[in-house]
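Thanks for asking me to look this over with you.

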Amino acid sequence: MAPASEQLQVAQPFTHDPRFLILYGSLRERSFSRFLAYEAARLLEAMGGEVRIFHADGLPLPDDTTADHPKVQELRSLSLWSEGHVWVSPERHGNLTGVMKSQIDWLPLSEGSVRPTQGRTLAVMQVSGGSQSFNAVNSLRILGRWMRMITIPNQSSVPMAYKEFNDAGRMKPGPLYDRVVDVCEEVMKFTLLTRERADYLVDRYSERKEREPDRFKVVAADIGFVKR
Ligand SMILES: Cc1cc2nc3c(=O)[nH]c(=O)nc-3n(C[C@H](O)[C@H](O)[C@H](O)COP(=O)(O)O)c2cc1C
């Protein structure tokens, strides 16, 4: 096994702009989570990113049809294309919405060697009708862990969202908006730092062992992890 420092060498530095997929969890016509998703998109583009937003209207419930449904295919190919995600959910009954969860549930952890979420960065945001809470972002963090994503430390929670956006759907200036800028800046930085080595980050000993059982008949100590 090559020393860790050698494995860190980037074979081919990326030259394309960082790619972000934004998911939001509402189908309402005047949706504040969609407005927030668009604010994040504008900011990430201004910072040099390329952004796609997935609209969940027409997406079937998980397992209600097969994965070859065009909306499922659209979602999966956008996630594969992406190097970072932003997830924006409304808080509904103290948690993220079913619309948000359905999108995540349609994303496979892995399909053969294809891993649509693993190793990508993730920023989480929520909007609420009531006072500020962190129920939805906390649940989104758990989902990020399950999808093996690099969830950044900062996050945004917009309370009483109906007060924070003007008639045109733009977020009003203020500390809540500044926080959204901070979160976008941070997810951009983490993406720039990690995207070239996402493959290295998701490579796991236990999975290598599963793939090549003959090579790993010996214990970890025999393959260079531990000196005896
Ligand atoms: C059924 C239902 C449950 C809700 N539960 C909560 C809640 O637990 N906490 C909260 O702050 N707001 C709650 N809200 C308000 C929504 O978070 C708020 O309307 C939000 O803007 C919805 O997101 P959207 O504008 O993107 O559709 C609830 C709204 C509905 C319709």
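This is a predicted model: local features need pLDDT of at least 70, side-chain atom pairs count only at pLDDT 80 or more; totals for chains, interfaces and linings use all residues.

**Notes on the ligand site and the pockets**

1. Arg28 places a polar side-chain atom 2.7 Å from an oxygen atom of the ligand. The backbone takes part too: a polar backbone atom of Phe32 is 2.8 Å from a ligand oxygen, and a backbone N or O atom of Gly130 lies 2.9 Å from an oxygen atom of the ligand. Taken alone, the ligand exposes 640 Å², and the protein buries 71% of that area.

2. Now look at the ligand's surroundings. The shell holds 15 residues, with Ser26, Arg28, Ser31, Ser33 and Glu91 the closest. By class, this shell has three nonpolar, eight polar and four charged residues.

3. Next, please turn to the second largest pocket, which holds about 270 Å³ of space. Which residues lie nearest its centre? They are Ser26, Arg28, Pro90, Glu91 and Val127, out of 18 residues that line this pocket. Helix H2 (32-46) and helix H4 (98-105) each give at least two residues to the lining. Seven of the lining residues are nonpolar, eight are polar and three are charged.

4. Three helices, H3 (70-81), H7 (198-202) and H8 (205-211), each supply at least two lining residues. H7 gives the most, with three residues.

5. How does the lining of the largest pocket divide by class? Twelve of its residues are charged, six are polar and five are nonpolar. For the second largest pocket, the charged residues number three.

6. Is Asn154 buried or exposed? Its relative accessibility is 15%. Buried means under 20%, so Asn154 counts as buried. The side chain of Asn154 also makes a polar contact of 2.8 Å with the side chain of Arg179.

Notes. Residues are numbered from 1 along each chain as its sequence is written. Side-chain values use heavy atoms; hydrogens and water are left out. A residue is near a molecule or strand if one of its heavy atoms lies within 4 Å of it. A polar contact is a pair of N or O atoms within 3.5 Å; within protein, one must be able to donate a hydrogen and the other to accept it, and residues adjacent in sequence count only if both atoms are side-chain atoms. Accessible areas come from the Shrake-Rupley method with a 1.4 Å probe; for residues, only the protein chains shown count as cover. Ala, Val, Leu, Ile, Met, Phe, Trp, Tyr, Cys and Pro count as nonpolar, Asp, Glu, Lys and Arg as charged, and the others, Gly among them, as polar. Helices (H or I, at least four residues) and strands (E, at least two) are DSSP runs, numbered from the N terminus. On a 1 Å grid over the protein atoms alone, a cavity is a set of points where a 1.4 Å probe fits but cannot get out, and a pocket is an open set with protein on both sides within 12 Å along at least five of seven lines; lining residues have an atom within 4 Å of a point. Grid points are joined across faces, edges and corners, and a volume is the space filled by probe spheres set on the points. Buried means under 20% relative accessible area, exposed over 50%, partly exposed in between (1.4 Å probe, protein chains only).
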